[in-house]
Amino acid sequence: MATARPRRMEYSESTRQALVDSAVELFTRKGYAGTSLDEIAAKARVTKGALYHHFGGKQALFEAAFDSVETDMLARLAKIVAQPGDPWESAMAGLRAYLRVCLEPSYQRIVLHEGPVVMGWERWREAEEQFSYGLVRATVVGLAESGEIDDLPVEPMSRLMFGALAGSATQIANAADPKRASEEVGTCIERVMQGLRLLHKVGNAEPIRVETSVPRRTRRR
């Protein structure tokens with residue numbers, strides 16, 4: 001009897017994960033409107049009753065798929081940003097990795113295209129902030145503490161960066177050529193960050209004094 005409950009729990013968790021994985025694949029390929037619960041249950045090889053045991057309906061399953069895609073993205077980026085070494089290089093590597101994520105079909109379709117429509121704009125923004133804002137804030141704090149950028153108020157600076165990245169992700173997803181858009185966005189954001197870094201370095205440098213000599217005016221006789 002001691003092993004019966006853990007086994008049931010393990011089976012339940014594996015069933016739920018199979019449903020989420022199937023939902024991610026089908027929502028990515030066919031979209032929310034084009035995917036039925038019957039298809040998801042069949043792909044996960046479970047009954048529709050098992051699906052309803054874990055999820056109240058199609059939207060609940062979509063939100064679980066959304067969470068899965070976002071969680072995977074966050075784990076990958078957090079690992080890059082947390083790497084030991086130069087904080088600046090880690091932050092830039094994290095930025096480039098995020099822009100690559102924006103090109104992935106599951107992230108584009110589920111998070112950027114379908115998310116605002118299925119979940120509603122307000123709920124979607126809350127979810128995006130829940131997953132991404134903390135990492136952006138931690139990166140800003142790390143850059144300031146390491147002396148790479150000015151120690152500006154954390155919240156406004158983090159909000160500015162978060163807004164820039166969120167807007168960039170949407171632009172990439174809606175672009176006719178997403179890869180080119182990702183490269184252009186990356187260039188612009190890195191240039192802005194380099195400007196902040198340069199301003200900090202120049203601001204902390206000793207002022208340059210320029211000696212000027214004014215020739216004496218001679219009297220006319």
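The legends below describe close-up views of cavities and salt bridges in a predicted model. Residues are numbered from 1 along each chain as its sequence is written, and side-chain values use heavy atoms, with hydrogens and water left out. Because the model is predicted, local features need pLDDT of at least 70 and side-chain atom pairs count only at pLDDT 80 or more, whereas totals for chains, interfaces and linings use all residues.

**View 1. The largest cavity and its lining**. A cavity is here a set of points, on a 1 Å grid over the protein atoms alone, where a 1.4 Å probe fits but cannot get out, and lining residues have an atom within 4 Å of a point. Two cavities of 30 Å³ or more are counted by this rule, and the largest has a volume of about 360 Å³, the volume being the space filled by probe spheres set on the points, with grid points joined across faces, edges and corners. Its lining is made up of 23 residues, of which G94, L95, V136, T139 and L165 lie nearest the centre. By class, the lining has 19 nonpolar, three polar and one charged residues, where Ala, Val, Leu, Ile, Met, Phe, Trp, Tyr, Cys and Pro count as nonpolar, Asp, Glu, Lys and Arg as charged, and the others, Gly among them, as polar.

**View 2. The second largest cavity**. This cavity has a volume of about 30 Å³, and the residues that line it are V140, V141, A144, D150, L152, P153, V154 and M157. Helices α7 and α8 each supply at least two residues of this lining, with α7 giving the most, at three residues. Seven of the lining residues are nonpolar, none is polar and one is charged.

**View 3. The salt bridge between R76 and E104**. A salt bridge is a side-chain nitrogen of Lys or Arg within 4 Å of a carboxyl oxygen of Asp or Glu, and a search of the whole structure finds 12 of them. In the pair shown, the closest N and O atoms of R76 and E104 are 2.9 Å apart. The pair links distant parts of the chain, 28 residues apart, with R76 in helix α4 and E104 in the loop between α5 and α6 (105-119). R76 is partly exposed, at 34% relative accessible area, and E104 is also partly exposed, at 27%; buried means under 20%, exposed over 50% and partly exposed in between, with a 1.4 Å probe and protein chains only. D72 joins R76 and E104 in a network of salt bridges.

**View 4. The salt bridge between R109 and E114**. The side chains of R109 and E114 meet at 3.3 Å, N to O. R109 counts as partly exposed, at 26% relative accessibility, whereas E114 is buried, with a relative accessible area of 14%.

**View 5. The salt bridge between E184 and R180**. The closest N and O atoms of E184 and R180 are 3.1 Å apart. Both residues belong to helix α9, and because they are four residues apart there, about one helical turn separates them. E184 is partly exposed, with a relative accessible area of 40%, while R180 is exposed, at 52%.

Methods: 1 Å grid on protein atoms, 1.4 Å probe; cavity = no way out; pocket = protein on both sides within 12 Å on 5 of 7 lines; lining within 4 Å.
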